[in-house]
Amino acid sequence: GGGGGGGGGSRGSWDRQRQRRERDARRIERLTTPYSRAPDCTAQLDASKLAAIEELVAQRLAAKLRRDFAESDALLQRLLDSGVRVTDDHRLWRSDDRPFVVPYRQEGGGIPRLGTGGTTRIEALVLERGAAKASKDYRRADALEAELSRMGVGLDDRRRTWRYYDAAPLPPPRYARHGGQEGAGGAGGGGGGGRGGGRGGGG
């Protein structure tokens, strides 16, 4: 009996070590992820200006990684002085006056419905909805979510993902169809994704 308990304890200790290693690996990956220009940034930048910004952003990341926070702050101030804003959480920079909109990624399989414009159109609508939410235009955000739902697309603001409804036999509640078409469970999820949910999941 005691031996079995000891084996269980060893397995538990090994699981905790594995989970800690995985957390450390994810943290290192996040910290070393390079920054990129926000995909919806509308600033007109020539090649030399773009290269200069990217160089400053890369220098700041290098300073952060070697924990030279004074240098990192100084580089951030140089970016701000030149009209460039940075979000460390999402590894993005932009040089226009628009708010940051974090792009969603597709989750699951499925194929677009005929006549919807395909994945490119869907991603553009998802990004436009994010911009409407960031600007607190919740009516526009709700209208775009309804349009996506008619195209067979559900959104998960918490995970920042989108997926086709037919990607799984039954969409999880968080992917409930707009307007609560999935019954009681779907109604709850749909309400969270609507105007009230829009304020909670802003980018």
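This is a predicted model: local features need pLDDT of at least 70, side-chain atom pairs count only at pLDDT 80 or more; totals for chains, interfaces and linings use all residues.
S95 is found in the loop between β3 (92–94) and β4, and, leaving aside neighbours within four places in sequence, S95 is in contact with C41, A43, L45, G83 and V84, contact meaning heavy atoms within 4.5 Å.

Residues are numbered from 1 along each chain as its sequence is written, and side-chain values use heavy atoms, with hydrogens and water left out.

As for confidence, the protein chain averages a pLDDT of 77, and 69% of the residues score at least 70, pLDDT being the predictor's confidence in each residue, from 0 to 100. Over residues 180–203 the pLDDT is below 50, although this stretch has 32 contacts in the model beyond near neighbours in sequence.

Now the overall picture. The protein chain has seven helices and six strands, which are DSSP runs numbered from the N terminus, helices being H or I with at least four residues and strands E with at least two. Along the sequence they follow the pattern α-β-α-α-β-β-β-α-α-β-β-α-α. Of the 203 residues in the protein chain, 33% are buried, and among contacts between residues at least 6 apart in sequence, 59% join residues at least 24 apart.

Let me turn to two residues that touch each other, L79 and R60. L79 has its place in helix α3 (residues 69–81), and L79 counts as buried because its relative accessibility is 0%. Leaving aside neighbours within four places in sequence, L79 is in contact with I53, L56, V57, R60, V84 and V86, and the C-alpha atoms of L79 and W93, 14 residues apart along the chain, are separated by 9.6 Å. R60, for its part, sits in helix α2 (residues 47–65) and is buried, with a relative accessible area of 6%.

What is the order of the strands in the open sheet of three strands? The order is β4-β6-β5, with mixed pairing, and two strands pair if DSSP finds at least two bridges between them. The edge strands are β4 (105–106) and β5 (153–156), each of which pairs on one side only. β5 and strand β6 (residues 161–164) run antiparallel and are joined by four bridges, and L155 has W162 in β6 as its bridge partner.

Across β4, β5 and β6 lies α4, running at about 140° to β6; axes here are lines fitted to C-alpha atoms, for helices over the stretch in contact, and angles run from 0 to 180 degrees between N-to-C directions. Helix α4 (residues 118–134) has 17 residues and reaches 25 Å from its first C-alpha to its last, close to the 24 Å expected at 1.5 Å a residue, the expected span being 1.5 Å times one less than the number of residues. Among the buried residues of α4 are I122, L125, V126 and R129. Finally, α4 is followed by K136, whose phi is positive, near 65°.

Conventions
Buried means under 20% relative accessible area, exposed over 50%, partly exposed in between (1.4 Å probe, protein chains only).
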